[in-house]
Amino acid sequence: MNPPAAVLLFLMMTCTYALSATVSAPALLWTGLQGNYDFVDDQPSGLADMNIVGAGLNSGLFVTHNDNGPLSLTDGTFGFRLRLDAPGGNKNNPKYERAAYIGIDADFNDTIDVFIGVNFSGSKQELGIYAPGSGLNNSPDNTSVGALVKSYTVNSSTYSYRAVNYLTDGGTTNDLNPANGQNDYYLTVMVNFADIVSYLSEKGILITDQSPLRFVAMTSNNGNNLNADIAGISGSANAANTWSQTGAFTQAVNANGIAVSGATITIPEIRSAMMLQVGALLLLLRRNRDR
């Protein structure tokens, strides 16, 4: 006896939403982006807690998009996760006391259109969406972070700062720089995707959760000047070149980290099994309808 169509639809939707990842979830539920994120000990400041690291199976930048349902392509939450070379704060109270952002190029014109991140430098406790600075924002030399345009409360649903545990997060090690003898840390931020869409639409850039995007990850000691680490660049080399020329941009992906090349979408292996289950459920639903 075939299951009712409503049951199959429920199972399909449940399987799809299982792809969601919270700020504290294991990295296996996030999508690690390709690229060498990043070089060990290349941050100009010399502070390991601002050094973005990542190599091979130990990704340095992850993204995720948690959809609210199939009725909208502009809702849900969007998040990013950075892997840092060491914890901030002190041994008994690790905490991040700097700034960290990802910049998004949403129209592929080689400029940063919007930033998402945190600024915990000095006495600040900011988490949200930031405008680009007043410069051209098309190279490390002339890019800065502007005004906070959408603020979120820093809590357990918007922010996480914890030690890497490769046994549950995946990868091969907890420490990509054994010379400093400190566990790597994940810094994770989550915001409403609709707020990103709204801000970009005011600039004439229209996106959905399926639109191709490019990211660049960076840290800062004081919040507005990008004076610490930029992922994918060794130190400050070629800082006058455009973002594309430096190689700091990720590949083109949608909000969920799925690689996009024109109209072709490639499913990362971590999520592919779940998507195959969705396809199988759709096929069963169709067969049930035709009987």
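**Aromatic rings and their surroundings**

Modeller: Start with Trp243. This residue is buried, because its relative accessible area is 0%, which is under the 20% cut-off. Phe249 is buried too, at a relative accessible area of 11%. Keep in mind that this is a predicted model.

How many aromatic pairs does the structure hold? There are eight. Take Tyr96 and Tyr161. Their ring centres lie 5.9 Å apart, and their planes meet at 50 degrees. That angle falls between the 30 and 60 degree cut-offs, so the pair counts as tilted. Where do the two residues sit? Tyr96 belongs to the loop between β5 (93-94) and β6 (99-105). Tyr161 belongs to strand β10 (residues 159-163). The pair therefore ties together parts that are 65 residues apart in sequence. Both Tyr96 and Tyr161 are buried.

Now back to Trp243 and Phe249. Their ring centres are 6.4 Å apart, with planes at 50 degrees, so this pair is tilted as well. The centre distance is within the 6.5 Å limit for a pair.

Tyr96 has a further link. Ring pairs join Tyr96, Tyr161 and Tyr185 into a cluster.

Leaving aside neighbours within four places in sequence, Asp49 contacts Tyr96, Leu84, Ala86, Pro87, Gly88 and Arg98. Asp49 itself sits in the loop between β1 (31-32) and β2 (61-66). Is Asp49 buried or exposed? It is buried, since its relative accessible area is 8%. With Arg98 there is a polar contact as well: the side chains of Asp49 and Arg98 are joined at 3.1 Å.

Charges lie over two other tyrosine rings. Arg81 is over the face of Tyr186, 5.1 Å from the ring centre. Lys150 is over the face of Tyr152, 5.9 Å from the ring centre.

Finally, confidence. The protein chain has a mean pLDDT of 83, and 77% of its residues reach 70 or more. Two stretches call for care. Over residues 6-18 pLDDT stays under 50, and the model has 19 contacts there beyond four places in sequence. Over residues 262-278 pLDDT also stays under 50, with 29 such contacts. Where pLDDT is low, predicted coordinates should not be read in detail.

Definitions and conventions:
Residues are numbered from 1 along each chain as its sequence is written. This is a predicted model: local features need pLDDT of at least 70, side-chain atom pairs count only at pLDDT 80 or more; totals for chains, interfaces and linings use all residues. Side-chain values use heavy atoms; hydrogens and water are left out. Rings of Phe, Tyr and Trp (its six-membered ring) pair if their centres lie within 6.5 Å; planes under 30 degrees apart count as stacked, over 60 as edge-to-face and the rest as tilted. Helices (H or I, at least four residues) and strands (E, at least two) are DSSP runs, numbered from the N terminus. Buried means under 20% relative accessible area, exposed over 50%, partly exposed in between (1.4 Å probe, protein chains only). A charge sits over a ring if NZ of Lys or CZ of Arg is within 6 Å of the ring centre and within 35 degrees of the ring normal. A polar contact is a pair of N or O atoms within 3.5 Å; within protein, one must be able to donate a hydrogen and the other to accept it, and residues adjacent in sequence count only if both atoms are side-chain atoms. Contact means heavy atoms within 4.5 Å. pLDDT is the predictor's confidence in each residue, from 0 to 100.
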